[in-house]
Amino acid sequence: MCNLTGVDCGTYNLICSKRGENGEVKSRKEVNAFLEIPLDNRFTFNMMKKAKVPLIERENVAYVVGESAVSLAYTLQLELKRPMKDGCLNPQEKDAFRILSIMIHSLIGEAAQDKEVLYYSVPANAVNKETDADYHQKVLEDVFKKYKVNNKTVQAFPINEGLALVFAELSHKNYTGIGASFGAGMINLCYSIFSQPVFSMSSVDSGDWIDRMAAKATGESAVVINKEKTKVDLLKSPSNIIERAIQSQYKILIEKTIQTIKKAIADSTTKVKAQEPLDIVIAGGTSSPPGFIELFKEVLNQSQFPLPIGEIIKPKDHLYAVARGCLIAAENAV
Ligand SMILES: Nc1ncnc2c1ncn2[C@@H]1O[C@H](COP(=O)(O)OP(=O)(O)OP(=O)(O)O)[C@@H](O)[C@H]1O
Ligand SMILES: [Mg+2]
């Protein structure tokens, strides 16, 4: 089999999946964030170099990217910058394109052959905010067009993020079912029949939104909520106001998602009468807390859902499943 690549360009995480020698999927992750160090500040710059912080030097500025940027921002109390916001290129970040290109190219590494086929995830437009998914797709198209390492290039093709989850988990169901990716900036939803999207859409109320809303409700900062979120168990009674706020936002998020899916099914012009019960694949960082799937099933059961429901599947590699799905889509295309 030829060498192929899947890339998930997320608001918080960038992930690249390839096959290893024994056919197993190997994925690499980098946090989609950076810090900018102006080169006129030689002291900070030299200190960082001495401390072996990986720096990327350009004209009059140096960048620290990924995981190193996160730890440094935490230690030095610097503001972490993000190239993407709400699933798309961050309009407030003037260097977003440049940084995103550097990070994605370095994550791909050296392609195994020239014109390597690569599938990358793209979001759908949001139902609750004006987003420009077409523009974002063009930006990513340019990022991949600019890729050239040791004279090797890639041929890159976009795939909807929700559809990538259907590719990751539902080959045995002829790629029929719903993919729901709960990320940082967005929830991406896609209903696919035989790998063809009946509908795809997104909502910008996801992980970052939980952080903001629970922060507002408790008077804490979004950074504190973001940390606390990783300790929450959605099946347990809350033991303090922060847990209560986070759990409540999770419930609202799931209720809204199921309402959005119901409305899309009702509005759909394609016949969506399922012959078989409908499977739903749930992945993404925001679906991490224990109890997420149980809560999703509970809300779904009370929602008078218009179609019979089959399995609710959470892949073991739920943070990496979109990139793996992109890789499987590439394998189906060649
Ligand atoms: N253990 C955890 N518990 C709760 N939330 C978590 C956990 N781990 C990660 N998250 C949240 O998951 C989100 C990141 O998830 P993911 O990597 O799927 O997003 P993304 O693909 O980068 O974003 P998007 O798809 O929206 O562009 C963040 O909001 C983060 O706070
Ligand atoms: Mg994502």
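**Entry 1: helix 5**

I started with helix 5, where the buried residues are Glu161, Gly162, Leu163, Ala164, Leu165, Val166, Phe167 and Ala168. A reminder to myself before going on: this is a predicted model. Helix 5 runs over residues 161-169, and eight of its nine residues are buried, so I noted the helix as mostly covered. Next I looked at how the helix begins. At its start, a side-chain oxygen of Asn160 comes to within 2.8 Å of the backbone nitrogen of Gly162.

**Entry 2: helix 4**

I then turned to helix 4, residues 133-145, and checked its length. At 1.5 Å a residue, its 13 residues should span 18 Å, and I found the end C-alpha atoms 18 Å apart, which agrees.

Which residues of helix 4 are buried? I listed Ala133, His136, Val139, Leu140, Val143 and Phe144.

**Entry 3: Asp86**

Asp86 sits in the loop between strand 7 (84-85) and strand 8 (88-89). Is Asp86 buried or exposed? I found a relative accessible area of 9% for Asp86; the cut-off for buried is under 20%, so Asp86 counts as buried. I also looked for a partner: the side chain of Asp86 makes a polar contact with the side chain of Lys129, at 2.8 Å.

**Entry 4: ligand 1**

Last, I went to the ligand. Which residues come nearest to ligand 1? Of the 22 residues around ligand 1, I noted Thr11, Tyr12, Asn13, Gly185 and Met186 as the nearest. Sorting the shell by class gave me seven nonpolar, 13 polar and two charged residues.

I then went through some polar atoms around the ligand oxygens:

- For Thr11, an N or O atom in the side chain is 2.5 Å from an oxygen atom of ligand 1.
- For Met186, a polar backbone atom is 2.8 Å from an oxygen atom of ligand 1.
- For Thr286, I found a polar backbone atom 3.3 Å from an oxygen atom of ligand 1.

How much of ligand 1 does the protein bury? Taken alone, ligand 1 exposes 660 Å², and I noted that the protein buries 88% of that.

Technical notes: Residues are numbered from 1 along each chain as its sequence is written. Chains are lettered from A and ligands numbered from 1 in the order in which they are written. This is a predicted model: local features need pLDDT of at least 70, side-chain atom pairs count only at pLDDT 80 or more; totals for chains, interfaces and linings use all residues. Side-chain values use heavy atoms; hydrogens and water are left out. A residue is near a molecule or strand if one of its heavy atoms lies within 4 Å of it. A polar contact is a pair of N or O atoms within 3.5 Å; within protein, one must be able to donate a hydrogen and the other to accept it, and residues adjacent in sequence count only if both atoms are side-chain atoms. Accessible areas come from the Shrake-Rupley method with a 1.4 Å probe; for residues, only the protein chains shown count as cover. Ala, Val, Leu, Ile, Met, Phe, Trp, Tyr, Cys and Pro count as nonpolar, Asp, Glu, Lys and Arg as charged, and the others, Gly among them, as polar. Helices (H or I, at least four residues) and strands (E, at least two) are DSSP runs, numbered from the N terminus. The expected span of a helix is 1.5 Å times one less than its number of residues. Buried means under 20% relative accessible area, exposed over 50%, partly exposed in between (1.4 Å probe, protein chains only).
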